Amino acid sequence: YMEYKRLPRSYRQMFIPDSNSLALQNVHEAIPLFFQSPFYKDVTNEYYIGETHSIEIKNQIQKKEFVYLSIFNKGFIYLTWARKNKNLATFTHLTDSILYFPCYYSTSNTFEAFNYPFFINKDKAIHYFKPDTLHKQTMVLWRKYHVKRHHNLFLKRAIGGRFEGANKANFSDAVLLHEIKNLPPMKMTYVDIVNPSGFQYFRYLSPDSSYCSIAEIKLYDGTQHLIYGNIIGTNGHYVQSPNCVKENVFDGDVLSYFDAPNPNEAWVGMQFSDKRCIKKIGYIMRNDDNFVQEGQCYELLYMDKNGWKSMGKKTAIADSIVYQNVPSGAAYLLKNHTKGKEERIFTYENGQQIWW
């Protein structure tokens, strides 16, 4: 789900066999399940012509006659095939904005590459992502998956949100503790509070048209201990989200969130047994849980001409994870071994993760 990407490949299901299908090529080796049917015809040329390129086969597996191009979308997907011609394989209808992975078909979970990942640049030429082991770099990684467009909408809904303290239940004496003025990151954000007053009530008042789309709030006292109280706020939930109630905001789960029944004047907060002085607020809006989190185990991999190479597993000690002496210029993947399935290929340029 990359909104700005081209269609990688298009097939049409037919009622008669396609004579150009791989299934009818007198194959004597295992092939991907999709290509085992002769009733799928490659019609990519009806959508765009693209480029034709011959890719060098750097990793020769002599017993295999056919090679493939794949893309990565929560795992590798075989796009198209070609017959080996000595040390070359020719592919047609290649387009820009797609990161291609030249590979063999493997019946195991291993990925058998025959060249480096590549894309077609603006000059219609191939650019390979070849690991440069002579020029290594330090990488600071924040996420394992790109931020989807609809998640950016939830972040935008936070702008204008107010954190308030009060000593009256109706918040008629509300004091502004912090206002979200800019787009927050999709991770837990912490703000220090300088107001020395104690309050019996606290709330997050969402801006209009936002449905109070907040996932988690943490309140800290001057000794950095969490402050607890009775959960208060707008009752109910959005009609299509029966489990998205205000109690989710203080349950410690960043994936659960509040989806209020009304877009305007929705809020969630706490009532304390006595006046409490709030020194720090942590919050995160509705999110995808794909950001680096303290205490979770990660592994950085990069692709060379033979397949994945690991830079080792690490446990995050903050909201980012640092890898040193990483070959530059490669295609990378960050895996979370603690939880979650969503992963996306990225490159690393000027200290930033660039998603593919």
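Contact here means heavy atoms within 4.5 Å. Helices (H or I, at least four residues) and strands (E, at least two) are DSSP runs, numbered from the N terminus. The model is a predicted one, in which local features need pLDDT of at least 70 and side-chain atom pairs count only at pLDDT 80 or more, while totals for chains, interfaces and linings use all residues. Residues are numbered from 1 along each chain as its sequence is written, and side-chain values use heavy atoms, with hydrogens and water left out.

**Stop 1: helix H1**

Select residues 149–156, which form helix H1. Colour His151, Phe154 and Leu155, which are buried (under 20% relative accessible area; exposed is over 50%, partly exposed in between; 1.4 Å probe, protein chains only). Looking down the axis of H1, you will find these buried residues within an arc of 100 degrees, so they line one face of the helix. The arc is taken from the directions that run from the helix axis to the C-beta atoms. Next, show Arg149 and Lys156, exposed on the other side of H1.

**Stop 2: proline 32**

Go to the loop between strand S1 (11–13) and strand S2 (40–42), where proline 32 is found. This proline 32 is buried, with a relative accessible area of 4%. Which residues does proline 32 touch, not counting residues up to four places away in sequence? Show Tyr68, Tyr78 and Tyr105 to see them. Asparagine 109 is 77 residues from proline 32 in sequence and 13 Å from it in space, C-alpha to C-alpha.

**Stop 3: salt bridges**

A salt bridge is a side-chain nitrogen of Lys or Arg within 4 Å of a carboxyl oxygen of Asp or Glu. The whole structure holds 14 salt bridges. One of them joins the side chains of arginine 83 and glutamate 65, at 2.3 Å from N to O. Arginine 83 sits in strand S5 (residues 76–83) and glutamate 65 in the loop between strand S3 (51–56) and strand S4 (66–72), 18 residues apart. Both are partly exposed, arginine 83 at 36% relative accessible area and glutamate 65 at 31%.

Now select glutamate 342 and lysine 74, a salt bridge with its closest N and O atoms 3.6 Å apart. Glutamate 342 is in the loop between strand S22 (332–336) and strand S23 (346–349), and lysine 74 is in the loop between S4 and S5, so the pair ties together parts 268 residues apart in sequence. Glutamate 342 is buried at 18%, whereas lysine 74 is partly exposed at 49%.

Lysine 339 is partly exposed at 35%, and aspartate 289 is buried at 9%.

**Stop 4: an open sheet**

Finally, select the five strands of an open sheet, in the order S12-S11-S14-S17-S16, with antiparallel pairing. Two strands pair if DSSP finds at least two bridges between them. Which strands stand at the edges? Strand S12 (175–179) and strand S16 (230–233) each have a single partner strand, so one side of each is left without a neighbour in the sheet. Zoom in on strand S11 (residues 162–166), which four bridges join to S12. Glutamate 164 stands opposite leucine 176 in S12.
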